[in-house]
Amino acid sequence: MTGDSVAGQMHVFYQIPAKVPPRHYPILFIHGSRLTGASFLGTPDGRPGWATWFLARGWPVYVVDQPGKGRSGYFPSSYGPQEHDPSRKQIAERFTASEKMTPLPWPEARLHTQWPGTGLPADPIYEQFFASEVPNMPDVSLQYALTLKATSELLAKIGPAVIITHSQAGPLGWMIAEANPGMVKAIIAVEPTGNANRSGKRPATTCGITINCLRFAPALDDAGKLDLVPVPKSRARGVSCWLQRKVRYRLPALAQTPILIATGEASYHAGQDYCTSAFLTQAGVPNDYAYLPEHGIRGNGHMQMLEKNNLEIASFYEAWLLRRIG
């Protein structure tokens, strides 16, 4: 049988405090790859998540499931076949027990101390987290386009907001701010997909910090014209960044938006997210970069919002917001 379906819709869970203090704009949380908004609502060992913490501090919170994920539904007739299911071994190695792997998957993995429980399959906390994993949409450009459209419609309903992205959602922060002038009061990009990766063989994204190019000035009709070249690492633990050989292209639409890019000490993103910050700086976009151990926050992997010190990190981000939002 065949029928009709509506695709591209986005489920949004929201809560608004009875009293909202000044400068406490709505916070829009956008989850990363193979995840849903559940990663912001609570932790796999039952502690409060970031959305709950920020709500208690007076911030309206909006937690999305990107189109094709979780409660937003997946429609094969519109999106094509789903990606394969995630691997238990890959999840443990990359997110929950990197420090226990032999050999270590990356040097900083040995510093990972903040995951609750053993982080290994059969541990109840690991199993609860693994149950939250979902397949990705194979067409990443379509995923971004659908989420951009839906979040832009959401901003039209709720007004100016702060955006907190994680991992795969990182490029969406820049895309949403560019597409909605004046509507994004600040962006916190938690370990965003961006400029560089561990392989170092090519940029992590084809257009510097996104797959499809943002609106550069002068106009850019071909990502190759950015002429990105590897620039040797500038941090003790770091990969080479991919920056413009000669600075020509800038991103004026992002220049007035407060931006924080933040990385955990033990994550596979350690030593690469500073390159996204460097690319933005080169493109004329002021931003702050925080390597969390340099601010006294130690031992975190990629899943900051779920780890034992998740609320310490939330407090750090709130303090930054209150300093930077006018």
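Because the model is predicted, local features need pLDDT of at least 70 and side-chain atom pairs count only at pLDDT 80 or more, whereas totals for chains, interfaces and linings use all residues. Residues are numbered from 1 along each chain as its sequence is written, and side-chain values use heavy atoms, with hydrogens and water left out.

Seven strands form an open sheet in the order β1-β3-β2-β4-β5-β8-β9, with mixed pairing; two strands pair if DSSP finds at least two bridges between them. The edges are held by β1 (11-15) and β9 (288-291), each of which has a single partner strand, so one side of each is left without a neighbour in the sheet. On average, and with direction ignored, neighbouring strands are turned by 15 degrees against each other. Axes are lines fitted to C-alpha atoms, for helices over the stretch in contact, and angles run from 0 to 180 degrees between N-to-C directions.

Strand β3 (residues 61-65) takes part in two of the pairings described here. With β1 it pairs in the antiparallel sense over five bridges, and Val12 stands opposite Val64 in β3. Strand β2 (residues 27-30) runs parallel to β3 and is joined to it by three bridges, with Leu28 opposite Tyr62. Five of the five residues of β3 are buried, where buried means under 20% relative accessible area, exposed over 50%, and partly exposed in between (1.4 Å probe, protein chains only). In a regular strand the side chains alternate between the two faces of the sheet. In β3, Val61, Val63 and Asp65 point one way, while Tyr62 and Val64 point the other way.

Further along the sheet, β5 (residues 184-190) and β8 (residues 259-263) pair in the parallel sense over four bridges. Val190 stands opposite Ala262 in β8. Helix α8 (residues 273-282) lies across β8 and β9 and runs at about 160 degrees to β8. This helix is mostly covered, eight of its 10 residues being buried; among them are Tyr274, Cys275, Phe279 and Leu280. The buried residues of α8 pack against α7 (170-179), β6 (228-231), β7, β8 and β9, contact meaning heavy atoms within 4.5 Å. Just after α8, Gly284 takes a positive phi of about 80 degrees.

Helix α7 is also mostly covered, with nine of its 10 residues buried. The buried residues include Leu172, Trp174, Met175 and Ile176, together with the charged residue Glu178. The cover over the buried residues of α7 includes β2, α6, β4 (161-166), β5, β8 and α8.

Trp242 lies in strand β7 (residues 241-244) and is buried, with a relative accessible area of 10%. Not counting residues up to four places away in sequence, Trp242 touches Asn195, Gly200, Lys201, Arg202, Pro203, Leu228, Val229, Pro230 and Phe279. The C-alpha atoms of Trp242 and Ala262, 20 residues apart along the chain, are separated by 19 Å.

Pockets were located on a 1 Å grid over the protein atoms alone, a pocket being an open set of points where a 1.4 Å probe fits, with protein on both sides within 12 Å along at least five of seven lines; lining residues have an atom within 4 Å of a point. The largest pocket has a volume of about 820 Å³, a volume being the space filled by probe spheres set on the points, which are joined across faces, edges and corners. Of its 37 lining residues, Ser33, Arg94, Gln168, Thr193 and Tyr268 are the closest to the centre. The elements giving two or more residues to this lining are α4 (88-96) and α6 (140-158), and α4 provides the largest share, five residues. By class, the lining has 15 nonpolar, 15 polar and seven charged residues; Ala, Val, Leu, Ile, Met, Phe, Trp, Tyr, Cys and Pro count as nonpolar, Asp, Glu, Lys and Arg as charged, and the others, Gly among them, as polar.

The second largest pocket holds about 180 Å³ of space. Its lining includes Met10, Val12, Leu146, Lys149, Glu153 and Lys157, and α6 gives the largest share, six residues. This lining divides into six nonpolar, two polar and three charged residues.
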